[in-house]
Amino acid sequence: MEIIEDPMIRELKETVKNIRETSIKNLEKLLQRVGESFEDNDIEFYIAETGEEANNIIYDIVKDEKTIAKSKSNTLTEINLVKFLEKKGLEVIETDLGDRIIQLTNDKPIHPTAPALHFNMEEIADTINEKLKVKVDANPEDIMNTIKSDVLRKLEDVNVGITGANAVAAYDGSIVMVHNEGNIGLLSLKDTHIVVFGIDKLVSTLEDAISVAKLETVYATGSRVPSYIGVVSGPSKTADIQKILLKNMYGASRVVAIALDNGRRKAPPECLWCIGCGTCITSCPIYNVVGYDFGYKGYLGGRGVAFTNFIEGERASFDAGIYMCTLCSRCTTKCPLEVPIADIIEEVRCKVQRAGYKLDAHENIKRNIKETGTPFR
Ligand code: SF4
Ligand code: SF4
């Protein structure tokens with residue numbers, strides 16, 4: 001039996017659908033509430049209206065650092081954080097294995113949870129031999145261990161870790177992060193931990209956030225749970241000496257949370273139900289043919305192309321392939337949240353069309369119909 005057919009998972013799916021719909025409906029309330037909860041929990045909190053604003057907040061915190069490290073995060077990709085910080089002269093280390101391979105190859109990720117899937121073993125070995133000046137065989141364990149040692153060595157000199165979040169519990173002021181590699185755990189132990197999350201990641205309670213994280217894992221990986229679900233609800237602290245409160249025992253002494261709008265408030269609620277599992281991408285016939293050219297940055301496939309409109313505008317949606325979609329709705333059938341991707345794409349197409357971004361082929365068909373009554377010449 002496929003894991004998604006398991007009655008417990010079916011029940012979880014219904015629970016999460018309810019959580020996401022309610023959360024998006026109450027987004028403004030949750031946003032206000034999370035600010036209060038973070039304050040109670042000693043987490044610094046910012047709301048960034050744009051990616052530029054988020055980058056500037058981050059730069060202000062890290063400007064005296066030489067190197068910072070980050071985890072895989074579509075939100076960090078969305079705001080172009082790596083390029084932004086590199087332009088400012090900082091070195092940024094990707095800690096996720098797939099993303100580190102992508103960073104070393106200077107390529108683009110092919111899938112949200114398996115970014116380097118398009119490289120074969122020889123290509124990866126050749127790249128790391130050249131870039132890291134090592135001699136590794138085309139063998140997965142050797143490749144993994146070589147990249148691990150290199151990243152761990154670099155992490156010794158890093159004071160700031162930057163991550164995304166899978167869900168954020170507004171009433172508890174807790175940030176939930178899912179990972180299998182253990183890298184987010186390492187980053188959250190740096191002196192400063194910065195978390196950037198889209199406002200659409202907000203849910204009410206920690207229980208809701210864990211449910212979202214569990215369902216995302218099931219649909220993204222086919223496993224019931226990930227290796228790690230990290231919860232950060234404040235800086236590392238202890239009062240073990242005479243009840244005197246001390247910070248920075250083993251973990252971060254400073255936790256900074258940045259909630260990013262960047263156009264999300266303009267998106268239809270259904271578009272924001274998404275939990276980022278990637279099932280729609282792998283089930284999309286177009287994506288399976290054209291790959292990451294049907295998408296924008298980390299937002300791939302039909303939902304990504306539609307979402308792009310709200311964060312980057314009509315031109316970006318057009319370039320990302322808004323007209324490639326066949327409107328077959330296979331993605332919606334497979335999506336645990338039943339996000340009506342084809343409907344959203346149709347709405348976005350109207351906007352893209354009105355903004356003047358059209359395909360020559362469509363214009364030719366229109367002209368033919370007008371002139372000859374048939375699309376064909
Ligand atoms: S739209 Fe649905 S299937 Fe696609 S990533 Fe979001 S939740 Fe997963
Ligand atoms: S509706 Fe579009 S995005 Fe969805 S599966 Fe079909 S082609 Fe892909």
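This is a predicted model: local features need pLDDT of at least 70, side-chain atom pairs count only at pLDDT 80 or more; totals for chains, interfaces and linings use all residues.
**Around isoleucine 162**
- Isoleucine 162 belongs to strand E4, which covers residues 160-163.
- Setting aside neighbours within four places in sequence, isoleucine 162 is in contact with Ile58, Ile68, Lys70, Leu76, Ile194 and Val196.

**Strand E12 and its partners**
- One of those contacts, Ile194, leads us to strand E12, where the bridge partner of isoleucine 194 is valine 256.
- Strand E12 (residues 254-260) is largely enclosed by the rest of the structure, because six of its seven residues are buried.
- Strand E7 (residues 192-198) runs parallel to E12, and seven bridges join the two.
- Strand E1 (residues 44-48) also pairs with E12 in the parallel sense, this time over five bridges.
- Isoleucine 47 is the residue that stands opposite alanine 259 in E12.

- In soluble globular proteins, nonpolar side chains tend to be buried together.
- Here, the largest nonpolar core has 98 residues, and Val168, Val176 and Ala209 are the ones with the most contacts inside it.
- Helix H10 gives the most to this core, with nine residues.
- Both domain 1 and domain 2 take part, since each supplies at least three residues to this core.
- Alanine 209 touches Ala167, Val168, Ala169, Ser174, Val176 and Val203, not counting residues up to four places away in sequence.

**Two domains**
- The chain is divided into domain 1, made of 3-95 plus 159-262, and domain 2, which spans 278-362.
- Their C-alpha centres are 27 Å apart.
- Where the domains meet, 11 residues of domain 1 are in contact with eight residues of domain 2.
- On the domain 1 side of that meeting, helix H1 (7-25), helix H4 (74-78) and helix H10 (206-221) each supply at least two residues.
- H1 gives the most to that side, with four residues.
- By type, the residues on the domain 1 side divide into four nonpolar, three polar and four charged.

**Ligand 1**
- There are 13 residues around ligand 1, and the ones that come nearest are Cys274, Cys277, Thr279, Cys280 and Cys335.
- The shell around ligand 1 divides into nine nonpolar residues, three polar ones and one charged one.

**Ligand 2**
- Of the 14 residues around ligand 2, those that come nearest are Cys284, Gly302, Cys325, Cys328 and Cys331.
- Four helices each supply at least two residues of the shell around ligand 2: H13 (285-290), H14 (301-312), H16 (330-334) and H17 (341-354).
- This shell divides into nine nonpolar residues, four polar ones and one charged one.

How values were computed
Residues are numbered from 1 along each chain as its sequence is written. Chains are lettered from A and ligands numbered from 1 in the order in which they are written. A residue is near a molecule or strand if its C-beta atom, placed from the backbone, lies within 6 Å of it. Ala, Val, Leu, Ile, Met, Phe, Trp, Tyr, Cys and Pro count as nonpolar, Asp, Glu, Lys and Arg as charged, and the others, Gly among them, as polar. Domain bounds come from an automatic or database domain assignment. Two residues are in contact if their C-beta atoms, placed from the backbone, lie within 7 Å. A residue is buried if 20 or more other C-beta atoms lie within 10 Å of its own, exposed if 12 or fewer, and partly exposed in between; C-beta atoms are placed from the backbone. Two strands pair if DSSP finds at least two bridges between them. A nonpolar core is a set of buried Ala, Val, Leu, Ile, Met, Phe, Trp, Tyr and Cys residues joined through C-beta atoms within 7 Å.
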